[in-house]
Amino acid sequence: MRSKGALLLLLLVLILGAEVVLPAVAQRTIAHRLAEQLGTNDVNAQLSSTPNALLLLGQVDHAHVTVHQGRLGEVLVSELALDGEDLRLDLGALACDQRVALKQAGSFTLTGVVTEENLREFLARKVDKLENTTVQMTPDGVTVTANIKVFGRQADARLTGTILDDGGQLMFHMTSLSITNAPFGKASLGSVFGDIPLIRRGKMPLGLKVTDVKMQAGKVVIQAAYDAAHKEDVLAPYYDS
C-alpha cells in the first residue's frame with residue numbers, strides 16, 4: 001500500500017510539474033526575452049495551450065502580450081499588443097540565441113500606439129539640427145515646430161507630414177518644411193528633406209509586417225500581421241546603423 005501511495009504521489013507531482021510549474025517557468029522566460037527584444041521592463045504575457053505541457057514544446061494555442069514603452073525599429077511605442085493563435089515557437093532560437101522567434105502561426109497580429117511624445121523623441125534624435133521640438137498629431141497629419149540653426153543663428157522651423165505604411169515599413173513622410181526668422185528672411189524648402197523611416201523593412205519583430213496606419217488625435221495606431229514569407233527575424237534593435 002505504501003509503495004502504491006508513493007507512486008501515486010510521484011505521479012501527482014509529475015502532473016503538477018508538467019501542467020502548472022514548468023509551463024509557468026516557460027511563460028516567464030518568454031516574457032523576459034520579449035522584454036529584452038522590445039527594450040522595455042513592462043511586459044505582460046498570457047500564453048496557454050491544451051494541455052499546458054505543450055508550451056514546453058513551443059506550441060502556443062493562445063497568446064496575448066501587452067507592452068508599455070517598448071521599441072519597434074527606431075521609435076518608442078507607448079502601447080503594444082500582440083495577439084496570436086496556433087503559434088509554433090522556435091525553441092532553438094529561444095535556447096541558443098535567447099530570443100523569441102516563430103516557426104509558424106495560424107494568426108498573429110500587432111497593434112501599436114506611437115504618441116506625439118514618441119515621435120518628438122524620435123525626430124529630436126534623428127534630425128540633430130532641430131531643437132525645442134514640439135509635435136502635434138491629428139487625423140490629417142503631423143505638424144512639427146522647432147528651432148534650427150541657419151548660418152549660426154537660430155531660426156524657426158515648421159514641418160508638416162504624415163506617418164504611413166511604405167511597402168511594409170513605417171515611414172514619416174515630410175510634405176513641407178518652412179523656415180522663418182532666418183538671416184536671409186523666409187525660406188520654403190518643400191520636401192527636400194525627404195522621408196525618415198521609423199521602422200525599416202525587416203525590422204519588425206517575429207516576422208510581422210506593417211499592414212495599416214491610422215492617424216488620430218495625439219497618436220498614430222499601427223497594425224501589423226504575421227508574414228509567412230518573412231525570411232529573417234530581426235528583432236527590434238534599439239538603433240539601426
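These entries record what I looked up about a cavity and a sheet in a predicted model.

**Ground rules.** I number residues from 1 along each chain as its sequence is written, and side-chain values use heavy atoms, with hydrogens and water left out. Because the model is predicted, local features need pLDDT of at least 70 and side-chain atom pairs pLDDT 80 or more, while totals for chains, interfaces and linings use all residues.

**Sheet.** I looked up the strand order and found an open sheet of six strands, S1-S2-S3-S4-S12-S11, with antiparallel pairing. Strands here are DSSP runs of E, at least two residues, and helices are runs of H or I, at least four, numbered from the N terminus. Two strands pair if DSSP finds at least two bridges between them. The edge strands are S1 (43–48) and S11 (208–216). From one strand to the next the twist averages 15 degrees.

**S3 and S4.** I found ten bridges joining these antiparallel strands. Asp-83 has Thr-109 in S4 as its bridge partner.

**Cavity.** I searched the whole structure and found one cavity of 30 Å³ or more. A cavity is a set of points on a 1 Å grid over the protein atoms alone where a 1.4 Å probe fits but cannot get out; lining residues have an atom within 4 Å of a point. Points are joined across faces, edges and corners, and the volume is the space filled by probe spheres set on them. The volume of the largest cavity is about 110 Å³. Of its 13 lining residues, the closest to the centre are Leu-34, Leu-87, Leu-89, Val-100 and Phe-108. Helix H1 (2–37) and strands S2 (59–72), S3 (75–89) and S4 (102–115) each give two or more residues to the lining.

Definitions and conventions: On a 1 Å grid over the protein atoms alone, a cavity is a set of points where a 1.4 Å probe fits but cannot get out, and a pocket is an open set with protein on both sides within 12 Å along at least five of seven lines; lining residues have an atom within 4 Å of a point. Axes are lines fitted to C-alpha atoms, for helices over the stretch in contact, and angles run from 0 to 180 degrees between N-to-C directions.
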